[in-house]
Amino acid sequence: MTLFKKLALTVALALPVAAHADTISPETYAATLGVGESVTITKTVTVEESVSSGVLDVVFLIDTSGSMGGVIAAAKAAAANLLTGLAGFGDLATGTGYYSEPGSGLNTDLTTNTAAGVAAINAINLGDGGGGGDFPEEGIHAVELAATNTSWRPGSSRFVIALGDATFKESDGSTLASAQAALAANDVTFIGIDFGNMTQTAWGGIDPTLLATATGGSVVSSAIDPSALIASILASVEDSFATYSKVSVGDLGAGLPGVGVSVTCLTADTGTCVGDSAVGSFDRSVSRSFTYSVTFTGLETGTHSFLTRGLVDGAIVASERDTITVTGADVPEPSSILLLGVGLLGLGLTRRRMKA
């Protein structure tokens, strides 16, 4: 489904209707363990009929070439408005970059600070990267850089949003195929916001729609109402979760190294448990529940507080907090045990000499 078709969902998404978020329960869990000690509990992931929140990572790429002179302020304002609107959906992290002719690059990596994200967008200036006036621009390289070099968060829904007025070109070793591959490899959706001639290939260059359609995104006109564009992006997130084939639970490494976490699927709604996951052909026509056996093992002394996630096809849909306090002495490394044994042996020999 393209973003244009998803605009039909805008009204429904904009209304303040009651939506049930996916959940993982219990919402919190705390335990005290000795080093090497374990505890096992049951966690339940409930996948509801609709999605009302999520974890979003978005990189904004802004065309800084000379032709953008009359609209770059509007492009920056649109990006800032999108950032603010998307922040209301859930856990949002944003980064920024630019493309021009010549030159393209990333300015900032992901930040969850909305004010810092807006400031980074406003810091982009006409002429960044060289600011040449010819056509097309180095959008292909910028998109590949963003897809490959951004520190995408595990389990996030990922977007690269380019705002410009010209078609793209291949440059700096990046091709249309390599950019498409980079987007696919990192599960990133491309969206273009057209401030002029982004799709006019008669003037030369590559239509960025070829990046969008390959990833489930689209290129939309800058004339679109900002609230409608935000709703469209959120609809694309919801649409990506309409059907799913795998549900799992994991701390995504957050508990390590202080706490070991292992998971076994117990029940899989209409599907089948395979190791730590419920697999099957699921959809959101009804609410579905999945249960898991989760074992925590104390590895290092200290209080370890971390999030355990409910994951649908690898994307985070729900989170809960675990706090595991590990007490007692850390288990010595084998080399330490050997040194301790040598020390005790030496002490024994010393005492023998004293008795003699």
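Trainee: How do you know that β1 is joined to strand β3?

Mentor: There are 3 bridges between β1 and β3 (residues 38–47). Two strands pair if DSSP finds at least two bridges between them, so β1 and β3 count as a pair. They run antiparallel. I24 stands opposite V45 in β3. Strands are DSSP runs of E with at least two residues, numbered from the N terminus. This is a predicted model: local features need pLDDT of at least 70, side-chain atom pairs count only at pLDDT 80 or more, and totals for chains, interfaces and linings use all residues. Residues are numbered from 1 along each chain as its sequence is written, and side-chain values use heavy atoms, with hydrogens and water left out.

Trainee: In what order do the 4 strands of the open sheet stand?

Mentor: The order is β1-β3-β14-β11, with antiparallel pairing.

Trainee: Why do β1 and β11 stand at the edges?

Mentor: β1 (23–25) and β11 (259–267) each have a single partner strand, so one side of each lacks a neighbour in the sheet.

Trainee: What makes D322 and K43 a salt bridge?

Mentor: Their closest N and O atoms are 3.1 Å apart. A salt bridge needs a side-chain nitrogen of Lys or Arg within 4 Å of a carboxyl oxygen of Asp or Glu, so the pair qualifies. D322 lies in β16 (residues 315–327) and K43 in β3, so the bridge ties together parts 279 residues apart in sequence. K43, E320 and D322 are linked in a network of salt bridges. By this rule the count comes to 8 salt bridges.

Trainee: Why is D322 called buried?

Mentor: Its relative accessibility is 0%. Buried means under 20% relative accessible area, exposed over 50%, partly exposed in between (1.4 Å probe, protein chains only). The value for D322 is under the cut-off, so D322 is buried. K43 is buried too, at 0%.

Trainee: How do you know that D57 and R153 form a salt bridge?

Mentor: The closest N and O atoms are 2.7 Å apart, so the pair meets the 4 Å rule. D57 sits in strand β4 (residues 55–63). R153 is in the loop between α5 (139–149) and β7 (157–164), 96 residues apart from D57. D57 has a relative accessible area of 0% and is buried. R153 has 19%, under 20%, so R153 is buried as well.
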